[in-house]
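Here is a short briefing on one protein model. It covers pockets, a surface patch and backbone angles.

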Amino acid sequence: MALKDDLQTEVTQIFTERWSKRDGTTVPEQDSLRLGNDGVDLNATVLYADISDSTKLVDSHSAFFAAEVYKAFLRCAAKIIISEGGVITAYDGDRVMAVYLGDSKNTAASRAALKINWACLNIVQPSLMKQYTTEFVLKHTVGIDTSQLRVARAGIRGSNDLVWIGRAANWAAKLCTLPHEHSTWITKEVFDMLHTSLKITEGRSMWDQMTWNTMNGATIYRSNWWWRVP
């Protein structure tokens, strides 16, 4: 069969096949889903952590320097994410995606974000300056949103991965592109479910309320606070 005919047949099947879906309470393994229209529905919180201006970093520094910055940031982010109960679902260059489930998913994800900020300021940057004479300063953003998600398996046999369909996955990624002068950006839905310890410290609010004009005026919150890593 010619490639065009093969593609036409498979795309037609995707759009006509009925979905087999089930509710989930854990992040599914890749082999637990079929390549057909098979999905798991989750109520989940998604976290994206991303190095800011990574294109400038790669263009203006040596490959080994940029690689070390990537590795240091992602190593700290990944270990903090896991320590707060998150499940890492993907790496993409200088970015990591994680999913949180359960009753405290929004608090856990937001605390992870504040810990990532602390690690960048107190571990990664000082270690970098100790090794190199450079004006480079690591900046990053973390975006967090929560919603119902459908997890499906996409691609072809021998080359496929899980895809996350739903608002939280898209909005968390878009929040990551907002200005890095504030390292953590969350939606109102996440903020409303935060534990008080993640909202107020010493009588001061840890978050600024903002209007996200490019997303139909959605209410979001930003913070530059940090949470010490023990």
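The points below are grouped by topic.

This is a predicted model: local features need pLDDT of at least 70, side-chain atom pairs count only at pLDDT 80 or more, and totals for chains, interfaces and linings use all residues. Residues are numbered from 1 along each chain as its sequence is written, and side-chain values use heavy atoms, with hydrogens and water left out.

**Largest pocket**

- The largest pocket holds about 500 Å³ of space. A pocket is an open set of points on a 1 Å grid over the protein atoms alone, where a 1.4 Å probe fits, with protein on both sides within 12 Å along at least five of seven lines. The volume is the space filled by probe spheres set on the points, which are joined across faces, edges and corners.
- Its lining has 17 residues, and Glu10, Ile14, Leu35, Gly36 and Gly155 lie nearest the centre. Lining residues have an atom within 4 Å of a point.
- H1 and strand E5 (140-156) are the elements that give two or more residues to this lining. Helices (H or I, at least four residues) and strands (E, at least two) are DSSP runs, numbered from the N terminus.
- H1 gives the most, with six residues.
- By class, the lining has eight nonpolar, four polar and five charged residues. Ala, Val, Leu, Ile, Met, Phe, Trp, Tyr, Cys and Pro count as nonpolar, Asp, Glu, Lys and Arg as charged, and the others, Gly among them, as polar.

**Second largest pocket**

- The second largest pocket has a volume of about 200 Å³.
- Helix H4 (residues 105-131) supplies the largest share of its lining, four residues.
- The lining includes Cys120, Gln125, His140, His180 and Asn224.
- By class, this lining has four nonpolar, six polar and two charged residues.

**Surface patch**

- Val11, Ile14 and Phe15 make a nonpolar surface patch of about 340 Å². Patch residues have over 30% relative accessible area and no salt bridge, and nonpolar side chains are joined within 5 Å.
- Val11 sits in helix H1 (residues 3-16). Val11 is partly exposed, at 38% relative accessible area (buried is under 20%, exposed over 50%, partly exposed in between; 1.4 Å probe, protein chains only).

**Positive phi**

- Most residues other than glycine have a negative phi.
- Asp53 has a positive phi, near 55°. Asp53 lies in the loop between strand E2 (38-51) and helix H2 (54-60).
- Glu202 also has a positive phi, about 50°. Glu202 is in the loop between strand E8 (200-201) and strand E9 (204-205), and is exposed at 76% relative accessible area.

Notes:
Patches are made of residues with over 30% relative accessible area and no salt bridge: like charges are joined within 9 Å, nonpolar side chains (Val, Leu, Ile, Met, Phe, Trp, Tyr) within 5 Å. Accessible areas come from the Shrake-Rupley method with a 1.4 Å probe; for residues, only the protein chains shown count as cover. A salt bridge is a side-chain nitrogen of Lys or Arg within 4 Å of a carboxyl oxygen of Asp or Glu.
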